[in-house]
Amino acid sequence: MLSLPTNAAYVLMTAMAVLMAAGVIRFVDARRAQTSEAKARLGSIIVWWVLVGLMLLAVSAGSSGATALTALASWLALREYLGLTNSRFQYGGSRYLAYAIGALHFGLFVAGGWRIACLTTPLLTVVAGSVWMTASGRTSGYLEVVGSLLWAVMLTVVGLSHAAFLWTLPEAANPDCGGAGWFIYLLLLTQLNDIAQALWGRALGRHRVTPRISPGKTWEGLLLGVATTVVLAVLLAPVLTPLAEPLNREQFGPLAIPYLPAAAAGLVIGLGGFAGDLNISAMKRDLGVKDSGNLLPTQGGVLDRLDSLTFAAPLFFYYVNALYGHI
């Protein structure tokens, strides 16, 4: 019933099977231990079931489904960001302008492509925020409000929307899996990168990367997590993308090595995801909050779950667009 490329369907169904097995193990553990920590772990697996299920439904509907899912996630993340920062900046009605601009951004993407959306949205956000502040006669916090609105839209709208932009890559670039392959590849690797860095950090972490911003992040977790992501990127590449194939030798010369594009993609997603996570952690540290929201039980808010993607999505999109965008 799903109009998905075969390989993409296999990958998502495998992910669901792994999550179901993990859910059974966590359920038995929770019944046995009867502790809040064990129950929280079970709740986390259930959240992952829902998230992977949503991705499965979205990509089965093609580019329109992926765009709709990305737009929904973007709106929820923007709502959380503005809700967290409103007490400091007092946006007033300008926050509704941000929501409208977010909707317009995706509308421009659907109607005119990613370039017109990315060119228009930042400028429109600055103009709208400025006009709102001057029309209301407010000068106190002028720069902070306009700057915060721009940063909110750039992160949660422009940044996240690049996941949907992957569907605009030429079909010839990925004839087997198309946009679904790129989309699933990015989302799976970004989330697995988060998990790998956390697990390696807990197991072997000794040296903190940024003690003041995120004390739990260690150099051991970062390096081993990124290395794990590179390995996974290489393993998943021939299933979902053309990144396992050598590049055009005439264009890329000595860089036209099999699997090198996949390893580089893993590096881009791993480091980009870490930077995105750290960015949102710094914001939450500044605001004195632990989570961006409570929509996802045991995992916080949508922005907590997608913080890595705010940087990883645009970096990955421009990387693959540079390699395959003109095929």
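1. Lys217 has a relative accessible area of 16% and is therefore buried, where buried means under 20%, exposed over 50% and partly exposed in between, with a 1.4 Å probe and protein chains only. Asp277, at 17%, also counts as buried. The two side chains meet in a salt bridge with an N to O distance of 3.4 Å; the term denotes a side-chain nitrogen of Lys or Arg within 4 Å of a carboxyl oxygen of Asp or Glu. This pair links distant parts of the chain, with Lys217 in strand β2 (residues 214–218) and Asp277 in helix α10, 60 residues apart. Helices (H or I, at least four residues) and strands (E, at least two) are DSSP runs numbered from the N terminus.

2. The model is predicted: local features need pLDDT of at least 70, side-chain atom pairs count only at pLDDT 80 or more, and totals for chains, interfaces and linings use all residues. Residues are numbered from 1 along each chain as its sequence is written, and side-chain values use heavy atoms, with hydrogens and water left out.

3. How many salt bridges does the rule give? The count comes to 5. One of them joins Arg305 and Asp194 at 3.5 Å, N to O. It connects helix α11 with helix α7 across 111 residues of sequence, and both partners are buried.

4. A further salt bridge is formed by Arg88 and Asp286, whose closest N and O atoms are 2.8 Å apart. Arg88 belongs to helix α3 and Asp286 to helix α10, 198 residues apart. Arg88 is partly exposed, at 42% relative accessibility.

5. Helix α11 (residues 302–324) has 23 residues and should span 33 Å at 1.5 Å a residue, which agrees with the 31 Å between its end C-alpha atoms; the expected span is 1.5 Å times one less than the number of residues. The helix bends by about 35° at Ala312, and Pro314 follows within four residues. The bend is the angle between axes fitted to the seven residues ending at a position and the seven starting there. Of the 23 residues of α11, 19 are buried.

6. Helix α7 (residues 178–204) reaches 38 Å from its first C-alpha to its last, close to the expected 39 Å. It is largely enclosed by the rest of the structure, because 19 of its 27 residues are buried.

7. Thr229, in helix α8 (residues 219–240), is buried at 1% relative accessibility. Beyond its neighbours within four places in sequence, Thr229 is in contact (heavy atoms within 4.5 Å) with Leu189, Asn193, Gly266 and Gly270. Thr229 and Asn193 are 36 residues apart in sequence, with their C-alpha atoms 5.5 Å apart in space.

8. His105 lies in helix α4 (residues 94–112) and is buried, with 0% relative accessibility. Leaving out residues up to four places away in sequence, its contacts include Ala117, Cys118, Val157 and Phe165.

9. Most residues other than glycine have a negative phi. Gln90, however, has a positive phi of about 50° and lies in the loop between α3 (62–89) and α4. Tyr259 has a phi near 70° and is placed in the loop between α9 (249–252) and α10 (260–287). Gln90 is partly exposed at 44%, as is Tyr259 at 37%.
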